[in-house]
Amino acid sequence: MSTVVAKDRPRAAVHKFASCDGCQLAFLNLGEDLLLLSSLVEFVHFAEAGLVNPEAPVDIAFVEGSIGTIRDVERIQRVRARSRYLVAIGACATAGGLQALRNLADGQAWIADVYASPGYVESLETSTAVAQHVKVDLELWGCPVNSRQLIAAVRALLFGVVPLEEHDKVCMECKRAQVVCVMVAQGLPCMGPVTRTGCGALCPSFGRDCYACYGPAENPNTEALGRRLEGLGIAPAAIGRRFLAINNGAPPFTEAGLRRVHGHD
Amino acid sequence: METGFLPRGRFQELLAVLHRSGYRCLGPQVRDGAIVYAAISVAEDLPRGARDHQAAGHYRIEQTASPRYFGWANGPQALKPLVFAPQEVLWRARRQADGGLELHQEMPPAERLAVIGVRACDLAALALQDRHFLGAAGDDPHYAARRAELFLVAVHCSDPSDVCFCVSTGDGPQASSGFDLALCELDSGFIVESGSDRGAVVAAELKLEAVGADARAAAARQADAARTRQHRSLPGRDLRAVLFANLEHPRWGEVAGRCLACGNCTSVCPTCFCHASVETPALDGGASVHARAWDSCFSQGHSYIHGLTVRSDTRTRYRQWLTHKLGSWHGQFGRSGCVGCGRCISWCPVGIDITEEAAAVCTGAADE
């Protein structure tokens, strides 16, 4: 394998906002390819890997996490200003993450319930996607994103082409893997028909229903799926909560979920 | 051509002859709640007593005490995945020192494959896929390689499901051509007929018994029953004119409200042949893998041409599927693209029924 370090490598940074750090592992889990990757791009800031230089200008900035504090709001502007190409990675960065559930509730009350000294917690009322604050050039969806997605994006950018967006439904991947449909054959409340592919139909491959961690696919018919789930005997509020999960902040899921949780059309 | 009777207790001999002839045998098995084709070595691997209960958006297997191996209609797969692989590498490219490209075509491993339990609808669909992949434009090498070594053991359908309508399309339930051997399963055993020279060779090795008058009568009764229990139908064999005269029918918009545009129907359809090309470059940029993967007219990418998605909504995608399948196939292949297997009805997560939709568009104008 060639690990000759290219001259004038593009510079890259991995920034973290409100998140569990799991998406950054898609870089660290590359194994041998991580050496190859770092011969192709120079990581100048990647705290989880021990490189700390957050203010350095870069060609590619990967942003993990949602915007959840007033400092985040200011910091994402600095990241944008110092980056040629900004890639939002993972459900937090693309849809506000699980923590966006506070957008639909009284977040301050939750903080008071949970923390012994809530005064130390300074958070905004909302957790929002990076694209709601700055221009995002590419979104990689998933909770978490995987190494294949990151490699495909980096490779396309190194070629100087726009990375392909994967937005087919999970069903397409499921059928290509010849997995028997868990909704039709088992009556499981699968979210695959409205969910973006990218995971390789991981959950249905193991006999369980998709829970939409890659966010909405293009042209998602959330209303028809919701009616079908009702037909499987699932209560409307429970259907709503399936939409209001990891990607609750993605507009098609927010709308479909609220409609059923609150029972109004 | 009828060749004789194989008692149930001697079914293993068929597998043994095929194995001796160098074939790997695939047969129906119950996996993950459905009948699927998987490798079999002994008759006990077959789904003895299994029955399928199919309805729109619904598929369940029931285990019964029946001695029969083939007392079910079908599963989500036809022969399609065996010849037109759901995803396969076509070629690999590697950049050379002088800047040129070294191309390597990747072929499927040569393998003699015998498939046991093929239905009449599957054979009709295979004949259509042959027209497409082995057509006038030249053979598709990957399809042709898999197709050439396929030995097909059909079993006449004795138990069509609630969604089957092959009588309406003229493709079943009895297999009439395209097989090497065809079996009619009775409780006591199998009436075996050969449909090809190599089928006749296998049948001769089996040393079949004479077919009794009782068995012959039971087979005829069973075939009649399989025909009459089907209750779904398409409004005609050639719907080309009426479909294209109704491109603005309100039903297209109505079905789009129910349709998930998920591509399950086209994936289980045994005749759909659309695919996408997928290029996966190596991280170092020095090599690339070119694969094809099943695509669907329900995906956004299917109708994307530079800078434009021709069919951006579900109304036009559903209309494309139905007008092609039941309409413009006639001009392309000389018949409809539907063989009446009912898979698109059962495996649609929301249970959209192609026969209902076709009827609504073709005959229901007065209802609107």
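Select chain A and chain B together and look at the place where they touch: 31 residues of chain A are in contact with 46 residues of chain B. The model is a predicted one. The size of an interface is often given as the accessible area lost when the parts come together. Here the two chains bury about 3,000 Å² between them, and 59% of that area lies on carbon and sulfur atoms. Next, select A:Lys175, A:Arg176 and A:Val184; these residues supply 22% of the area that chain A buries against chain B, more than any other three residues.

**Polar features of the interface**

Now show the side chains of A:Glu218 and B:Arg317. They meet in a salt bridge, with a distance of 2.8 Å from N to O. The rule finds 1 salt bridge across the interface of chain A and chain B. It also finds 18 residue pairs in polar contact across this interface, both residues of each pair having a pLDDT of 80 or more.

To see which parts of chain A face chain B, colour these helices of chain A: H2 (32-40), H6 (147-159), H7 (170-176), H8 (182-186) and H10 (222-231). They are the elements that give two or more residues to the side of chain A that touches chain B. By class, that side has 16 nonpolar, 6 polar and 9 charged residues.

**The second largest pocket**

Move to chain B and select B:Arg24, B:Leu82, B:Glu111, B:Leu113 and B:Arg146. Of the 17 residues that line the second largest pocket, these are the closest to its centre. The pocket has a volume of about 330 Å³.

Which elements of chain B each supply at least two residues of this lining? They are strand E2 (24-31), strand E3 (34-39), helix H2 (80-83) and helix H4 (141-148). Strand E3 of chain B gives the largest share, 3 residues. The lining residues divide into 12 nonpolar, 1 polar and 4 charged.

**The largest cavity**

To find the largest cavity, select B:Cys259, B:Cys265, B:Tyr318, B:Cys348 and B:Ile352, which lie nearest its centre among the 16 residues of the lining.

Then display helix H10 (264-268) and helix H11 (314-333) of chain B; each supplies at least two residues of the lining of the largest cavity. How many of the lining residues of this cavity are nonpolar, polar and charged? The lining has 14 nonpolar residues, 2 polar residues and no charged residues.

Notes: Residues are numbered from 1 along each chain as its sequence is written. Chains are lettered from A and ligands numbered from 1 in the order in which they are written. This is a predicted model: local features need pLDDT of at least 70, side-chain atom pairs count only at pLDDT 80 or more; totals for chains, interfaces and linings use all residues. Side-chain values use heavy atoms; hydrogens and water are left out. Contact means heavy atoms within 4.5 Å. Buried area is the accessible area (1.4 Å probe) that two parts lose on being put together, summed over both. A salt bridge is a side-chain nitrogen of Lys or Arg within 4 Å of a carboxyl oxygen of Asp or Glu. A polar contact is a pair of N or O atoms within 3.5 Å; within protein, one must be able to donate a hydrogen and the other to accept it, and residues adjacent in sequence count only if both atoms are side-chain atoms. Helices (H or I, at least four residues) and strands (E, at least two) are DSSP runs, numbered from the N terminus. Ala, Val, Leu, Ile, Met, Phe, Trp, Tyr, Cys and Pro count as nonpolar, Asp, Glu, Lys and Arg as charged, and the others, Gly among them, as polar. On a 1 Å grid over the protein atoms alone, a cavity is a set of points where a 1.4 Å probe fits but cannot get out, and a pocket is an open set with protein on both sides within 12 Å along at least five of seven lines; lining residues have an atom within 4 Å of a point. Grid points are joined across faces, edges and corners, and a volume is the space filled by probe spheres set on the points.
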